[in-house]
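Hello,

Here is the structure for your files. My notes on what turned up follow below it.

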Amino acid sequence: MCGIVGAIAGRDVVPVLVEGLKRLEYRGYDSAGIAVLDDGQVRRVRRTGRVAEMEAAAQAEGIHAQLGIGHTRWATHGGVTEANAHPHVSFGELAVVHNGIIENHDAQRDRLKALGYTFESQTDTEVIAHLVHHHQQQGHDLLAAVQAAAKELHGAYAIAVVSKREPGRMVGARMGCPLLVGLGEGENFLASDVSAIVQATRRVIFLEEGDTVDLTREGVRVFDASGALVTRDEHLSDVSLASLELGPYRHFMQKEIHEQPRAIADTIEQVIANNGFVPQLFGANAEAVLGDIEGVQILACGTSYYAGLTARYWIEAIAGVPCSVEIASEYRYRTVVANPKHLVVTISQSGETLDTMEALKYAKSLGHDKTLSICNVPESAIPRASALVYYTRAGAEIGVASTKAFTTQLVALFTLTCTLAKLRGRLAQAQEAAYLDDLRQLPGSVQHALNLEPQVQVWSERFAPKQHALFLGRGVHYPIALEGALKLKEISYIHAEAYPAGELKHGPLALVDTEMPVVVIAPNDSLLEKVKSNIQEVRARGGEMFVFADLDSHFGESEQVHVIRTPRHVGVLSPIVHSIPVQLLAYHAALARGTDVDKPRNLAKSVTVE
Ligand code: M6R
């Protein structure tokens with residue numbers, strides 16, 4: 001979604017801002033802009049479309065400066081127009097960029113209009129610009145004006161502000177949306193995401209809820225919500241520049257699909273190093289938190305939700321713990337009967353999905369203090385709000401379609417399952433050793449599945465002209481069918497639905513005809529014979545099936561039934577291996593249809609609004 005970058009330096013910051021915005025492109029956006037203080041004047045360039053178009057316009061206008069802010073906007077309030085693009089200005093004196101949503105913008109707009117302000121855009125952000133300006137008019141300096149305005153804003157925001165009245169200063173504030181400071185030598189930065197500034201510095205400070213920050217070239221001062229000067233820890237970011245570069249791949253999604261053996265190996269490294277499933281993998285006091293739980297409540301959105309659905313099969317079968325999985329945006333608005341002895345597990349690649357964060361806050365308000373975050377972004381909001389954390393080590397995921405984050409989430413959830421089982425005396429030593437061995441073999445099995453790419457590519461050409469597709473799975477592979485359908489629809493725009501195969505005859509079978517491709521995930525598990533019967537139901541109606549079956553499934557091919565054989569059955573970790581071919585199918589179908597694979601229409605990488 002929206003992205004912020006700001007810089008104050010002794011050099012021209014425009015290339016820093018443009019580079020930062022390019023690195024934020026992966027989050028999804030529809031317009032971009034910068035505002036700088038040049039010779040005491042606010043100069044602004046905004047364009048709908050790509051950062052490169054805005055960059056060209058800035059070059060054409062000869063914009064250079066030592067202080068500036070930049071933004072990529074994903075439209076919420078008001079359409080995709082240049083007038084709605086950030087930065088927004090007030091009286092040409094002050095410029096603001098903003099992530100998040102100001103809920104009381106209507107009331108503030110009316111108030112500011114009554115004070116004589118006029119509005120050029122339909123955005124909630126313009127309210128912030130005028131409000132800060134209004135407080136400056138009351139005699140406040142820029143920092144105090146931002147602090148006063150923040151008190152009057154309801155909702156979620158991360159903002160960066162510059163003013164021509166104080167040309168050596170940049171002020172930021174956060175509430176509900178991430179914002180961090182980058183510390184350089186004689187230069188400092190603001191960003192919503194470390195990837196935006198990692199080319200300039202790796203020394204970062206993560207601002208906390210309610211913080212405001214005052215940046216000059218020489219220093220940074222952070223104030224908490226009460227206005228007191230505070231010290232926030234400095235971190236050294238380990239985001240690798242390589243993970244932000246495409247390298248030899250055509251798309252980040254393709255690169256990230258192929259990075260999965262490495263990502264999985266990195267994620268299980270600490271388990272293997274411990275030679276077992278120990279609670280400390282989840283945090284220092286994890287044994288106390290996990291020891292006496294009576295159930296697990298998983299909360300997540302999108303692909304992360306499907307990881308949770310998969311884990312439910314493991315947690316109930318292996319650990320013997322009751323487990324519910326709920327879409328975070330539903331849970332947060334439901335009257336929930338809470339049992340504080342249940343462990344609340346949030347799953348989020350980004351760690352900043354608003355619905356998941358709000359669901360966690362709601363759970364905590366109901367008395368859930370046993371909370372665990374499974375997350376891919378260190379120091380992001382959700383793990384910081386959780387008692388325990390397990391970081392997946394997938395590396396930066398740039399493609400909007402989640403791939404390596406999903407499979408590493410599954411690895412983390414399997415580790416949780418085994419840890420719970422062991423704490424409850426349900427994991428014999430021999431079984432623990434066997435599961436550890438399965439994990440050790442997993443990167444190899446995933447690589448084997450990746451080697452199927454040429455076969456999957458051939459199939460994808462038959463999918464590309466289709467308008468609809470059905471995905472079927474049973475048991476622990478049903479969530480993989482859901483994930484396959486989500487991948488296909490989000491990047492190829494082919495409408496796809498997933499069903500548990502046994503549910504077919506209760507309705508969806510009516511959709512099956514010769515035009516409907518049916519993808520079946522059919523490994524050699526206890527439900528294989530049931531799946532085979534379900535396939536006959538499709539076959540009898542003329543449907544064309546595309547079956548991913550492992551080497552032991554013994555599927556016969558025919559004119560109607562195409563089979564790609566995934567590696568020999570890997571037991572309980574089979575859903576992880578079967579995620580690979582459905583990712584590849586979606587990728588190649590999208591490629592054949594010529595869609596924007598890494599930045600599919602209307603979608604954003606981090607969903608930081610409701
Ligand atoms: O960052 P999160 O894991 O919290 O994101 C949740 C969903 O927005 C995300 O998984 C989304 O569904 C992906 N685009 C799917 O590929």
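The chain divides into domain 1 (3–244), domain 2 (252–449) and domain 3 (453–593). These bounds come from an automatic or database domain assignment. The centres of domain 1 and domain 3, taken over C-alpha atoms, are 46 Å apart.

Some ground rules. This is a predicted model: local features need pLDDT of at least 70, side-chain atom pairs count only at pLDDT 80 or more, and totals for chains, interfaces and linings use all residues. Residues are numbered from 1 along each chain as its sequence is written, and side-chain values use heavy atoms, with hydrogens and water left out.

Now the ligand. It sits in the second largest pocket. A pocket here is an open set of points on a 1 Å grid over the protein atoms alone, where a 1.4 Å probe fits, with protein on both sides within 12 Å along at least five of seven lines.

The shell has 15 residues, each with a heavy atom within 4 Å of the ligand. The closest are Ser304, Ser348, Gln349, Thr353 and Glu490. By class, five are nonpolar, eight polar and two charged; Gly counts as polar, and Asp, Glu, Lys and Arg as charged. Domain 2 and domain 3 each give at least three residues to this shell. Helices α9 (302–319) and α16 (478–492) each supply at least two; helices are DSSP runs of H or I, at least four residues, and strands are runs of E, at least two.

Which residues make polar contacts (N or O pairs within 3.5 Å) with oxygen atoms of the ligand? Thr353 does, through a polar side-chain atom at 2.4 Å. Ser350 also uses a polar side-chain atom, at 2.7 Å. Ser402 uses a backbone N or O atom, at 2.9 Å. Taken alone, the ligand exposes 420 Å², and the protein buries 90% of that (Shrake-Rupley, 1.4 Å probe).

Two backbone points to check. The His86 to Pro87 peptide bond is cis, with omega near -5°. Pro87 is in the loop between β4 (67–73) and β5 (88–90). Asp39 is not a glycine, yet has a positive phi of about 55°. Asp39 lies in the loop between β2 (31–38) and β3 (41–48).

Best wishes

Methods: A polar contact is a pair of N or O atoms within 3.5 Å; within protein, one must be able to donate a hydrogen and the other to accept it, and residues adjacent in sequence count only if both atoms are side-chain atoms. On a 1 Å grid over the protein atoms alone, a cavity is a set of points where a 1.4 Å probe fits but cannot get out, and a pocket is an open set with protein on both sides within 12 Å along at least five of seven lines; lining residues have an atom within 4 Å of a point. A molecule sits in a cavity or pocket if more than half of its atoms lie within 2 Å of its grid points.
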